[in-house]
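Biologist: I am new to this structure. Could you walk me through how to read its rings and its core?

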Amino acid sequence: MNINFAFRGFEENSDGLKDYVTKKLAKIDKFVSANTVVEVVFQKDKNMKMTEIKLNSNGEEFLASDSDDKEFQTSIDLCIDKLVKQAARSKDKKVDSRRS
């Protein structure tokens, strides 16, 4: 899995956020192939912290974004949950179409 990070509104990159996202993306490994490209964008404004995760696997694109006013970890968790649902739904559709 290739993971690209972008930080907007930050003075410097945050290794803690990178490690946290990498650990959480392990939930998606069972739904996507090994040559998956993941783009993670962290945006920090005055009062809002936004996370956007875009996942591209075998031509399929999944997108999740969320914002929180206190910390990035909450928005990361919600984005990962959204991506897991999208990837699982896509995988189920593929399996169901093969069975019929």
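Modeller: A search of the whole structure finds four aromatic pairs. Rings of Phe, Tyr and Trp (its six-membered ring) pair if their centres lie within 6.5 Å; planes under 30 degrees apart are stacked, over 60 edge-to-face, and the rest tilted. Phe42 and Phe72 make an edge-to-face pair, with 5.4 Å from centre to centre and 80° between the planes.

Modeller: A note on the source: this is a predicted model, where local features need pLDDT of at least 70, side-chain atom pairs count only at pLDDT 80 or more, and totals for chains, interfaces and linings use all residues. Residues are numbered from 1 along each chain as its sequence is written, and side-chain values use heavy atoms, leaving out hydrogens and water.

Biologist: Are Phe42 and Phe72 buried or exposed?

Modeller: Buried means under 20% relative accessible area, exposed over 50%, partly exposed in between (1.4 Å probe, protein chains only). Phe42 counts as buried because its relative accessibility is 0%, and Phe72 counts as buried at 6%.

Biologist: Which residues do ring pairs link into a cluster?

Modeller: Phe7, Phe10, Phe42 and Phe72.

Biologist: Which residues touch the most other members of the largest nonpolar core?

Modeller: A nonpolar core is a set of buried Ala, Val, Leu, Ile, Met, Phe, Trp, Tyr and Cys residues joined through side-chain atoms within 4.5 Å. Of the 20 residues in the largest one, Ile28, Phe42, Ile53, Leu55, Ile76 and Leu83 touch the most other members.
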